[in-house]
Amino acid sequence: PAPTTTTEVKIIIEVNLQEGIPAWAVALLIALAVTVGFCGSYIYRLRQQKKKLLRRQESLQKMQKKAWDDARSDEQKEYDAWMEALTDTEGRFITGYKDNLQLPDGSIYSGELFHGDPHGVGKMVWSDGRTYRGKWQFGQPHGHGVMSSVAPKELEFDTWIYSGQFHEGLR
């Protein structure tokens, strides 16, 4: 007979009892087939729900990060950019020699660093065209060095060079 509704499903298993398959084994096979089908669809639904939850979690994390970024002050954002530039992947300040270190203000430093500050011998090229090559102490020119500036043509001041002693950033 044909199914009475479109959702009705019938499983028909023909068993030749003369071949020695007992009726309980047939019933067990049918129960096993139904269980496997049910478990498979249940696992599929669980996986889909997990994917949906992970997408929601990622979206929520992005919204929280954006809200946190928007709430931070410009000073905090600048501080974080400097910290990222002057620390290693584990958050420790860089110590030792670093070549072409890009800093958040657009300047480039090559030389020795001590706890993230220029310290020792190094060269800094600022984004405004100034250059200092010489000794550094705790992030400031200190000792003998050469500072120069190359002024763009549209500005009214000239190029200048100073070679001599610096003390805590002052010449």
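Q: Which residue is the bridge partner of G122 in strand 4?
A: The bridge partner of G122 is G134 in strand 4, and in that strand Y132 stands opposite M124. This is a predicted model, in which local features need pLDDT of at least 70, side-chain atom pairs count only at pLDDT 80 or more, and totals for chains, interfaces and linings use all residues.

Q: What makes strand 3 and strand 4 a pair?
A: Two strands pair if DSSP finds at least two bridges between them, and six bridges join strand 3 (residues 117-125) to strand 4 (residues 130-137), so the pair meets the definition. The two strands run antiparallel, and in their hairpin, which has four residues between the strands, G129 takes a positive phi near 100°.

Q: How do you know that strand 4 also pairs with strand 5?
A: Seven bridges join strand 4 to strand 5 (residues 140-149), which run antiparallel, and W136 stands opposite P141 in strand 5. The hairpin of these strands has two residues between them, and there F138 takes a positive phi near 50°.

Q: Why do strand 1 and strand 6 stand at the edges?
A: Six strands form an open sheet in the order 1-2-3-4-5-6, with antiparallel pairing. Strand 1 (96-102) and strand 6 (160-166) each have a single partner strand, so one side of each is left without a neighbour in the sheet.

Conventions: Residues are numbered from 1 along each chain as its sequence is written. Side-chain values use heavy atoms; hydrogens and water are left out.
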